[in-house]
Amino acid sequence: MKYAALVVLYFLSFSVQAERLKDIASVQGVRENQLFGYGLVIGLNGTGDSTPFTNQSFASMLSRFGVTLPEGVSATSKNVAAVSLTATLPAFSKPGQKIDVTASSIGNASALRGGTLLLSTLKGADGEVYAIAQGNLIVGGLGTNGADGSRTSVNVPTVGRIPNGASVERMVPSSFNTGDTLTFNLNRPDFTTAKHVSDKINDLLGPGVATTLDATSIRVSAPRDSSQRVTFLSILENLEVDVAEERARIVVNSRTGTIIIGQHVKVSPAAITHGSLTVTIRETPPVVGQDGTVTGGETVISPREGIEIAPESGRMFVFDPGASLNDIVRAVNQVGAAPGDVMAILESLKQAGAINADLVVI
């Protein structure tokens, strides 16, 4: 009984927030697929490229239309550019539906503004053709060249987009309508969240309907009929599930100097010398006293916390037991430490084993 009470208190100590199941998990087998292709963009105002592979592709295109170039004549045009095509094929896409296409120059073209993509195929990772693309490009960037060789550009003029520029030609096989079960995969693996999802589904549909496989996957018994399965999934994906709090983590962006410290980050006794200031963070036992009334007074506990900062020949950061995120932030703000200094301090604390958090550098 003692251990059971401890477990209950442990779980009740967490503050949780409810999220829809569709926002924290995906259904196994229901996913997007990436498509890629190669094509030619024509109609450019002298901003195309002159690479050998573009000339070869241009000559091949002309031959398909019955145009044969004389021997030794190269098919060169500054109004043509070779591009790489990318698109995302949503799950359950059917033949005839439209998807967006992005065209990116792969040669030395200076801009794709005003260009038109010729009919091109889009293939999947298996090499099969899943869509056909063609259309006018929308380019958000602009580039100009001066007579003296100077050049200026706004945004990126060598990438364009064709809204609804590709027509789906083939369906991607899906395992959604096969078997007696569905599997939900959490976007962020967590044992506690996985258990919450399983418990929520079982509370709604009955014991044993959902089974937790690991920190990521929850298997759910589902009807075989496709229409019933869609209705079943619609109910489940809108369930409100309590999401467990993340592990203690510190995320550092070394390029921008951005530092994110999670709320559960704690610091063990440690001292770091860095620069020319001393920062001491310690917790003093609280003061216990009466509220001042003659009779019927209540005991008042007044916490005593303090941060001492003093200029010295060498800066010393001292973190006593129990120092938390608030203590660290207040200390750093008061000394005005630069982001680089803070990153060095956090890294040193992690290496010394004085910080109970994952340090992630991006």
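How many helices and strands does the chain have? The chain has seven helices and 21 strands, where helices (H or I, at least four residues) and strands (E, at least two) are DSSP runs numbered from the N terminus. This is a predicted model, in which local features need pLDDT of at least 70, side-chain atom pairs count only at pLDDT 80 or more, and totals for chains, interfaces and linings use all residues. Residues are numbered from 1 along each chain as its sequence is written, and side-chain values use heavy atoms, with hydrogens and water left out.

Of the 362 residues in the chain, 35% are buried; buried means under 20% relative accessible area, exposed over 50%, and partly exposed in between (1.4 Å probe, protein chains only). Contacts (heavy atoms within 4.5 Å) with a separation of 6 or more are to 71% between residues 24 or more positions apart.

**Nonpolar cores**

A nonpolar core is a set of buried Ala, Val, Leu, Ile, Met, Phe, Trp, Tyr and Cys residues joined through side-chain atoms within 4.5 Å. The largest one has 23 residues, and Leu35, Ile99, Val101, Leu117, Leu122 and Leu137 touch the most other members. At least two residues of this core come from each of the strands E3 (33-42), E4 (81-89), E5 (98-105), E6 (116-123), E7 (129-136) and E10 (159-168). E4 gives the largest share, five residues. Leaving aside residues up to four places away in sequence, Val101 touches residues including Leu85, Leu122, Ala133 and Ile162. A second, separate core of 22 residues includes Phe176, Leu186, Phe232 and Leu239.

**Aromatic rings**

Rings of Phe, Tyr and Trp (its six-membered ring) pair if their centres lie within 6.5 Å; planes under 30 degrees apart count as stacked, over 60 as edge-to-face and the rest as tilted. By this rule there is one aromatic pair. Phe92 and Phe176 form it edge-to-face, at 5.5 Å centre to centre and 70° between the planes. Phe92 lies in the loop between E4 and E5 and Phe176 in the loop between E10 and strand E11 (181-186), so the pair ties together parts that are 84 residues apart in sequence. Phe92 is partly exposed at 40% relative accessibility, whereas Phe176 is buried at 8%.

The expected span of a helix is 1.5 Å times one less than its number of residues.

| Helix | Residues | Span, first to last C-alpha | Expected span |
|---|---|---|---|
| H3 | 52-64 | 19 Å | 18 Å |
| H5 | 226-237 | 16 Å | 16 Å |
| H7 | 339-351 | 18 Å | 18 Å |

In H3 the buried residues are Thr54, Asn55, Ser57, Phe58, Met61 and Leu62. They cover an arc of only 165° around the axis, which puts them on the same side of H3; the arc is that of the directions from the helix axis to the C-beta atoms. The face of H3 turned away from its buried side carries the exposed residues Pro52, Gln56 and Arg64. E3, E4 and E6 are among the elements that cover the buried residues of H3. Just after H3, Gly66 has a positive phi of about 85°.

H5 buries Arg229, Phe232, Leu233 and Leu236. These fall within an arc of 95° seen down the axis of H5, so they line one face of the helix. They pack against helix H2 (21-24), strand E2 (25-27), E11, helix H4 (191-205) and strand E13 (217-221).

In H7, Val342, Met343, Ile345, Leu346 and Leu349 are buried. Their arc down the axis of H7 is within 160°, so they line one face of the helix. Gly353 follows H7 with a positive phi, near 75°.
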